[in-house]
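Hi,

Here is the structure I promised to pass on. Have a look first, and my notes follow below.

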Amino acid sequence: MEFMLDQAQTDFGRTLDRMLGAADTPRAVRAWARGEHAPGRAVWGRLAEAGVTGLAVPEAYEGVGPLPVELGVAYVAAGRHAVPGPLAETAAAAVLLAALAEGGTARAGQAAGHWLPRIADGRALVTLAAADGGPYALDADAADAVFAVEGEELWLASGHGPVQPSFDPARRLARPLPGGEPLARGPAVATAAARAADWAAFATAALSLGTGLALVERTAAYVKQRTQFGRPIGSFQAVKHRLADALIGLEFARPLLYGAAVALAARPANGARAEVAAAKVAAGEAAYTAARTALQLHGALGYTDEYDLSLWIRKARALRTAWGSPSVCRSRVLTAASSRPDRS
């Protein structure tokens with residue numbers, strides 16, 4: 001299968017890249033890690049104005065989606081600029097609510113009618129806790145709503161527990177409080193939650209790809225400035241090879257990401273799990289490799305809190321396991337491959 005972004009999609013990504021480049025996202029990330037959400041919500045508002053928050057919301061609820069390819073483009077840009085907040089979880093919650101509303105669940109339909117238009121226009125930032133994402137809800141302290149799935153039950157949590165420390169300080173984790181408002185119950189919840197988890201994994205893969213690209217770009221610029229033995233270290237073959245290997249990994253992950261987007265668009269009802277898993281593991285591992293390369297070539301300077309590069313290094317490590325660890329994703333790919341009929 002051959003796939004290339006069209007001109008409109010390419011221009012969309014470039015516009016977001018310029019917009020986020022002027023938004024001083026490192027300051028927003030540092031504030032977010034301290035529990036100060038105003039700068040991050042301001043960046044979120046810019047994304048909403050550009051139409052990003054409506055990409056996972058159906059047109060029936062004032063969105064423009066679901067458009068997984070465009071969402072991938074947008075989230076690569078968001079990862080490149082380390083945008084804080086539950087981006088993947090908000091998209092996944094939108095997919096979950098829309099799927100349950102389609103199934104005719106009255107209470108879920110009411111929840112979709114209330115929350116989806118607010119997600120689409122950026123008024124609401126929501127998060128989701130579900131089995132594939134672990135027991136914690138990301139950034140529950142900043143969210144306007146915390147949705148939680150357990151088995152075949154979906155509810156709107158009444159609050160959240162204490163915020164737990166994370167490897168990435170800007171990824172603030174908390175358990176939803178039990179109880180709250182029940183929204184749906186039954187097999188349809190598990191089916192919709194699986195679809196939402198695929199979208200969350202796909203969005204996380206896009207964020208990982210953008211994070212890895214930023215690490216390589218920043219490191220390539222740094223090695224042209226840092227000197228050793230009277231020469232820029234970027235002139236050494238070993239340094240060039242490390243950066244080239246990191247970039248190749250990211251470029252191999254890119255077609256897998258957009259292949260997964262095409263599969264999500266063509267087979268929305270949980271038919272793209274293997275493609276999403278392949279994209280997730282490739283992008284996550286490539287970004288993690290880029291983070292290790294960046295750390296080494298910066299002489300460990302990038303690990304210090306004061307240096308902006310640490311924001312991307314820590315994010316790459318956290319995204320690697322969010323919504324599907326490498327081992328889980330590889331298992332899904334192998335399971336799908338083994339279940340295909342032998343055509344030899």
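Which hand does the crossing of α5 and α7 have? The crossing is right-handed, meaning that the near helix is turned clockwise from the far one by less than a right angle. Helices here are DSSP runs (H or I) of at least four residues and strands (E) of at least two, numbered from the N terminus.

Before the rest, some ground rules: this is a predicted model, with local features needing pLDDT of at least 70 and side-chain atom pairs counting only at pLDDT 80 or more, while totals for chains, interfaces and linings use all residues. Residues are numbered from 1 along each chain as its sequence is written, and side-chain values use heavy atoms, leaving out hydrogens and water.

The protein chain has a mean pLDDT (the predictor's confidence in each residue, from 0 to 100) of 93, with 97% of its residues at 70 or more.

Back to the helix pair: the axes of α5 (residues 87-102) and α7 (residues 187-223) come within 8 Å and cross at roughly 155°. Axes are lines fitted to C-alpha atoms, for helices over the stretch in contact, and angles run from 0 to 180 degrees between N-to-C directions. The two are therefore roughly antiparallel (over 145 degrees). Their contact (heavy atoms within 4.5 Å) includes Leu96 of α5 and Trp199 of α7.

As for strands, β3 (residues 145-150) and β4 (residues 153-156) run antiparallel, joined by 4 bridges; pairing takes at least two DSSP bridges. Glu150 has Glu153 as its bridge partner, and Gly151 in this hairpin takes a positive phi near 65°.

Cheers

How values were computed
Angles under 35 degrees count as roughly parallel, over 145 as roughly antiparallel, 65 to 115 as roughly perpendicular and the rest as oblique.
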